[in-house]
Amino acid sequence: MLLLVLGALLLLFCSLDVWYFLRGAQVFVEAWFLPRIWDILAEQSIDGMVLPHDLDYMGHMNNSRYLRECDFARFHHYMRNGLFMASRKLGAKMVVGASTIRYRRSLAFREAFEIRTKIVGWDEKAFYLEQRFVSKKDGFVSAVMLCRQNVVHCSPEAIIEFVCKRKIECPVFPEDLKHWISFISASSQALRAESGLEEKTK
């Protein structure tokens, strides 16, 4: 019986990224029992530490782990300010449409850090967020990411109105965000043009 259970667990861990789902459940439970944050523009933070399964062959946190940790931090953020539950009630889905991360200093094994997440603005189709990895050792910003969270089957304004019960004015976009959005738009146009050329040559 024990061998059967161990075999089933081994098969499960080989077939699914079990730790991802366990971590997601942990973040959900933690955010559920924490006090609600009513200011949707408020910066929130979530703690983390570099563990053995985060390491690459150079002994520090591998690049893909930063993106994964940002996923959990955004989920935590949306849970606490009410945007996640509001989107569910409105039948909306939020998916990542684009992200850019800049690495400034590596995070070493067992180094504690916090991810600071804030919504910097929105348009008719997406929320825009900034996420920072801040080392607890000295407060250095080890990495910073910009993320476009597309809203499907609804709009950011509708979700915000549902949560706040009133219209909230979008903050003025910072210059770096404007440049980044322009880059995304130019990239999309180039890919659409490329697809059009491919269709013509078929």
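Two aromatic rings of Phe, Tyr or Trp are taken as a pair if their centres lie within 6.5 Å, with the six-membered ring used for Trp. In this predicted model, the count by that rule comes to 10 aromatic pairs. The rings of Tyr-20 and Phe-72 have centres 5.2 Å apart and planes at 40 degrees, so this pair is tilted. Tyr-20 belongs to helix α2 and Phe-72 to helix α3, so the pair ties together parts that are 52 residues apart in sequence. Tyr-20 is partly exposed, at a relative accessible area of 34%, whereas Phe-72 is buried, at 4%. An edge-to-face pair is formed by Tyr-128 and Phe-173, with 5.6 Å from centre to centre and 65 degrees between the planes. Because Tyr-128 lies in strand β4 and Phe-173 in the loop between α5 (156-164) and α6 (175-201), this pair ties together parts that are 45 residues apart in sequence. Both Tyr-128 and Phe-173 are buried. One aromatic cluster consists of Phe-28, Trp-32, Phe-75 and Phe-84.

The charged end of Arg-36 sits over the ring of Trp-38, at 4.1 Å from the ring centre. Lys-165 lies over the face of Phe-162, and the distance to the ring centre is 4.8 Å.

The strands form an open sheet of five, in the order β1-β3-β4-β5-β2, with antiparallel pairing. From one strand to the next the twist averages 25 degrees. Strands of a sheet pair through backbone hydrogen bonds, either parallel or antiparallel.

Within the sheet, six bridges join β1 and β3 in the antiparallel sense. Met-49 stands opposite Ala-112 of β3. The antiparallel pairing of β3 and β4 extends over nine bridges, and Ile-119 has Leu-129 in β4 as its bridge partner. β3 and β4 form a hairpin, with three residues between them. Of the 11 residues of β3, eight are buried, so this strand is largely enclosed by the rest of the structure. Strands β4 (residues 126-135) and β5 (residues 141-152) run antiparallel and are joined by nine bridges. Here Glu-130 stands opposite Leu-146 in β5.

Helix α3 (residues 63-81) packs on the sheet and touches β1, β2, β3 (112-122), β4 and β5; the direction of the helix makes about 120 degrees with that of β4. Arg-74 is located in α3 and, at 5% relative accessibility, counts as buried. Apart from neighbours within four places in sequence, Arg-74 is in contact with Val-96, Leu-129, Gln-131, Met-145, Cys-147 and Gln-149. Leu-129, one of these contacts, is also the bridge partner of Ile-119.

Ser-142 is placed in strand β5 and is buried, with 0% relative accessibility. When neighbours within four places in sequence are left aside, the contacts of Ser-142 are Arg-102, Tyr-103, Arg-104, Arg-105, Leu-107, Phe-133 and Ser-135.

Helix α2 (residues 18-33) comprises 16 residues and spans 23 Å from its first C-alpha to its last, close to the 22 Å expected at 1.5 Å a residue. Buried residues in α2 include Val-18, Gly-24, Val-27 and Ala-31. An α-helix has 3.6 residues a turn, so residues three or four places apart point the same way.

Most residues other than glycine have a negative phi. Arg-110, although not a glycine, has a positive phi of about 70 degrees. Arg-110 is found in the loop between β2 and β3 and is exposed, with a relative accessible area of 56%. His-153 likewise has a positive phi, near 70 degrees, in a residue other than glycine. The loop between β5 and α5 holds His-153, which counts as exposed at 64% relative accessibility.

Notes: Residues numbered from 1 in each chain as written. Predicted model: local features only at pLDDT ≥ 70, side-chain atom pairs only at ≥ 80, totals over all residues. Heavy atoms only, no water. Pairing = 2+ DSSP bridges. Helix = DSSP H or I, 4+ residues; strand = E, 2+ residues; numbered from the N terminus. Axes fitted to C-alpha atoms, helices over the stretch in contact; angles between N-to-C directions. Contact = heavy atoms within 4.5 Å. Buried < 20%, exposed > 50% of the residue type's maximum accessible area, 1.4 Å probe, protein only. Expected span 1.5 Å × (residues − 1). Phe/Tyr/Trp six-rings, centres within 6.5 Å; stacked < 30°, edge-to-face > 60°. Lys NZ or Arg CZ within 6 Å of the ring centre and 35° of its normal.
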